[in-house]
Structures are given as structure tokens and as C-alpha cells.
Amino acid sequence: MATKASSTVELTQECDGVYTLQTSSTFRNQKLHFKLGEEFIEERMDGESVPCVITFEGNQMIQIQMGKNPVKIVREFTDTDLIATCHVSNVECKRWFKAVN
């Protein structure tokens, strides 16, 4: 079932410095509002609420979820792709997205 799921990711920035990261998928949608480097509470898609911080380093957006099992998500932006790499303990997962104009 998971192999048939599709997702869309949209990142926008408002003039007040607030970013919105919206993920829409076949199963569930999520919208995060955050300022870079400021801690906020994220309700993850699994329903758990965790403290989270998002920063940018070059073309990478780095998200740290500080829950029971800390999670690091690195989203690398290129001209044509978004590569999302999720690190949990000693497990790594990658997902590729194509840019849409």
C-alpha cells in the first residue's frame, strides 16, 4: 500500500519570516508553520506532538524532531528535485520529489 502513496511538498515564506511547509499525501496532510531556528511543537503524521527546530544550511533544510526517538530530516533542494533524507537511530530513509513549476 505504501508504494502506491504519492505526496506533494510545498514550502512558502511569508514577509514576516514565517515559513509554511505543507505535505499532502494519499493518506494524510500536514501543514507546519515555523520561523527558522525557533522551537515549535509539531504534530507529526503519526499523531505524536514533539518539540521541533528547522534551520537552513546552504540548499538544505534541516529539521530536528526531539521526541522519544529523535528524528533528523534533511531536505536538499536542487533546481529539479527535493531529496528528503530521514534519520532515526541507525535507520536512514530517502524520498525523491520532482520540482513542479
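The second largest pocket of this predicted model has a volume of about 290 Å³, a volume being the space filled by probe spheres set on grid points that are joined across faces, edges and corners. Of the 14 residues that line this second largest pocket, V9, L82, K98, A99 and V100 are the closest to its centre; a pocket here is an open set of points on a 1 Å grid over the protein atoms alone, where a 1.4 Å probe fits, with protein on both sides within 12 Å along at least five of seven lines, and lining residues have an atom within 4 Å of a point. The elements that give two or more residues to this lining are β1, β8 and β9, and β1 gives the most, with five residues; strands are DSSP runs (E, at least two residues), numbered from the N terminus.

The largest pocket has a volume of about 830 Å³, and among its 30 lining residues M45, I73, R75, C86 and R95 lie nearest its centre. To the lining of this largest pocket β8 gives the most, with four residues.

Strand β1 also belongs to an open sheet of three strands in the order β1-β2-β3, with antiparallel pairing, where two strands pair if DSSP finds at least two bridges between them. Because β1 (7–13) and β3 (29–34) stand at the edges, each with a single partner strand, one side of each is left without a neighbour in the sheet. Seven bridges join β1 to β2 (residues 19–25), and the bridge partner of T8 in β2 is S24.

Residues are numbered from 1 along each chain as its sequence is written, and side-chain values use heavy atoms, with hydrogens and water left out. Local features need pLDDT of at least 70 and side-chain atom pairs count only at pLDDT 80 or more, whereas totals for chains, interfaces and linings use all residues.
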